[in-house]
Amino acid sequence: MGKGLFINCKEELDIMRILLSIGIDNYSGSLKLKGRAEEAQAFAELMQSNDDGQANFHVKVEKNVSTVAELNRIIRTFFKGEGNLAVLYFTGHGLNNQNGSYIVTPDYEEGNEGVSMDSIMNVLENSLWQNKIIILDCCHSGAFGLSNGNGKISSIISKGTVVLAASTSDESAYIVNGKGIFTNLLMEALRGGAADIAGNITPGSVYAYIDKALGPFDLQRPVFKANVSQFTILRKVVPRIPLETLMKLVQYFKDADAIFPLDPSYEYTNLPDAPPYLKEPYAVSQHVETFKILQKFQSIGFVEPVGEEYMFFAAMESKSCRLTPLGQQYWKLIKEGKLHSII
């Protein structure tokens, strides 16, 4: 039997959310892997709670499942019942051949390669869970949801399902220094790299983060598939900018296309005893605090300097800053009283 365990988690979740994390190392011979079971454990522990410590998922970890029958049973049992969100994560070997695509199990042999990806799709199709997310870090994982019928390959994703795969159907999923490239980026994204301004992380933002990171490299291309009307939140982190600070957009910019004038008094280093950038007027504490907030707005793409590349020089040269198109959109949301509805 696989070494399955439930990680303690607060029971008081507003909406039922469950996660099954599977990592398999114990393949035979040259197929043997290292670190996949540990990655499955680490992923589950991260997803168990949000950044503030509040419960996020009821999680279950399965390490080194041995047989096709056992893994089939585990997956089918997991997707029984009903609730808001069920997430399946797998890291191990994947296979794509003339017979289909598989999550490979240690009892692999010709004709018994592992759990068919098509069979998992059938489980999802019949599941009562409102939202299902499949995350696969294995070779050829992009084949999940592909059906070869009438000589044509088409994608079939059941309603309410999102798939995040490490590579396309004909690519390998690489491991560097004992860690899966995809899972490493996945964890970075879920720790906050893929968070929006409210600190919310969705499957779409995770994919965008991983895709951007892998963009310059000819290694593997992540795959994203979805049949949903809106994304559910995978995890929440502390927002980079608090809501009360965001509200200052309309205080600093009276109109969406307004210009905020700057001068050297906004730069905290511009003090009488701090050459070589010394300029009058010297730093004023109130202006310095405002400038720090404007720089935070710049860090999330809401504000940009006018006539200079950096905010520092915009202040020291008595120029200005303005809202970016994204900043203008949020300015309008605040002005219309709609910001609270998206945060």
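**Talking through the helices of a predicted model**

Modeller: The protein chain has 11 helices and 19 strands, where helices (H or I, at least four residues) and strands (E, at least two) are DSSP runs numbered from the N terminus. It's a predicted model, so local features need pLDDT of at least 70 and side-chain atom pairs pLDDT 80 or more, while totals for chains, interfaces and linings use all residues. Residues are numbered from 1 along each chain as its sequence is written, and side-chain values use heavy atoms, leaving out hydrogens and water.

Colleague: Which residues of H2 are called buried?

Modeller: In H2 (residues 68–78), they are Val-68, Glu-70, Leu-71, Ile-74, Ile-75 and Phe-78. Buried means under 20% relative accessible area, exposed over 50%, partly exposed in between (1.4 Å probe, protein chains only).

Colleague: What makes them line one face of the helix?

Modeller: Down the axis of H2, they fall within an arc of 165 degrees, so they line one face. That arc is of the directions from the helix axis to the C-beta atoms.

Colleague: Why is H4 called oblique to H5?

Modeller: H4 (residues 181–193) and H5 (residues 203–214) pack at about 130 degrees, axes 9 Å apart. Axes are lines fitted to C-alpha atoms, for helices over the stretch in contact, with angles from 0 to 180 degrees between N-to-C directions. Under 35 degrees is roughly parallel, over 145 roughly antiparallel, 65 to 115 roughly perpendicular and the rest oblique. That makes H4 oblique to H5.

Colleague: Which residues of H5 make the contact?

Modeller: Val-206, Tyr-209, Ile-210, Ala-213 and Leu-214, with contact meaning heavy atoms within 4.5 Å.
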